[in-house]
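Open your viewer and keep the selection tool ready. We will go from stop to stop, and each stop tells you what to pick.

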Amino acid sequence: MAFIFRRGKSIQPSTISLNSNSQLYKEVTKNWSWNGVVTIRKQNSLLTKEQYEQMVKLNVRAFTTFETASILSKVTSGDVMIIKFALGKNKTDDRQTLSYDLQASTPITFTPQFEINCLIPGFYDKQTDVLVDIPDGPAKPAQRDLGAGVTSYTQDMDGGNARDALNFAIARQYYIKYVVPNL
């Protein structure tokens, strides 16, 4: 089976192409400000909100001694808990890395994401916070059993990972918006 792609006249590669010389690529790969977000779902629906919050803890830390990391917000509603965290400053510097350690003494599923504050013409036309999934791969959370029914999930996050995640999300939108309609 072979795929043949033809360019329709509505596509203007000089402005919306994803090659490294395009304006779109330059916008996507800027060092945008970012936060980490973890969306957690409990598997035991019998837990009260208070029990759930006591059984799930998140610790964040910066890798460099001159940087701080902190939890910005923690919201629990029903089976879902959303925790947002960030570096204290220099959130656009690729060299600044934070690490989170999510510890749970109840079965959970969770999705780590970046919240990136960006402006990408043709996709996000005004400055906005965009939630993007972290692509699977080497940055996947590490899981380990701490004993006494506690499981730890750790992951490092940095500006390079945020840029890669945004790039992946824009590429997916680009494909749906520009390539598929012209097949």
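The tour below moves from a strand to a loop, a cavity and a pocket.

**Before you start**

This is a predicted model: local features need pLDDT of at least 70, side-chain atom pairs count only at pLDDT 80 or more, and totals for chains, interfaces and linings use all residues. Residues are numbered from 1 along each chain as its sequence is written, and side-chain values use heavy atoms, with hydrogens and water left out.

**Stop 1: strand 1**

Select residues 33–42, which form strand 1. Helices (H or I, at least four residues) and strands (E, at least two) are DSSP runs, numbered from the N terminus. Strand 1 is mostly covered, with eight of its ten residues buried. Buried means under 20% relative accessible area, exposed means over 50%, and partly exposed is in between (1.4 Å probe, protein chains only).

Two strands pair if DSSP finds at least two bridges between them. Click V38 and look across: P112 in strand 6 stands opposite.

Click I40 to find M81 of strand 4 opposite. In a regular strand the side chains alternate between the two faces of the sheet.

**Stop 2**

Is K42 buried or exposed? K42 is buried, because its relative accessible area is 9%. Follow its side chain to the backbone oxygen of L47, 2.8 Å away. That is a polar contact: a pair of N or O atoms within 3.5 Å; within protein, one must be able to donate a hydrogen and the other to accept it, and residues adjacent in sequence count only if both atoms are side-chain atoms.

Show the contacts of K42 (heavy atoms within 4.5 Å). Beyond neighbours within four places in sequence, they include T48, Y52, G78 and D79.

Move to T48, in the loop between strand 1 and helix 3 (49–55). T48 counts as partly exposed, at 37% relative accessibility. Draw a line from its C-alpha to that of G78: they are 8.9 Å apart in space, but 30 residues apart in sequence.

**Stop 3: A148**

Select A148, in the loop between strand 8 (142–147) and strand 9 (150–158). A148 has a positive phi of about 55°, although it is not a glycine. A148 counts as exposed because its relative accessible area is 85%.

**Stop 4: the cavity**

On a 1 Å grid over the protein atoms alone, a cavity is a set of points where a 1.4 Å probe fits but cannot get out, and a pocket is an open set with protein on both sides within 12 Å along at least five of seven lines; lining residues have an atom within 4 Å of a point. Grid points are joined across faces, edges and corners, and a volume is the space filled by probe spheres set on the points.

The structure holds one cavity of 30 Å³ or more. The largest cavity has a volume of about 60 Å³. Select K30, W32, G159, A162 and R163, the closest to its centre of the eleven lining residues. Helix 4 (residues 159–179) gives the largest share of this lining, four residues.

**Stop 5**

The largest pocket has a volume of about 220 Å³. Select F110, P112, D136, K140 and P141, the closest to its centre of the 13 lining residues. Which strand gives the most to this lining? Strand 6 does, with three residues.
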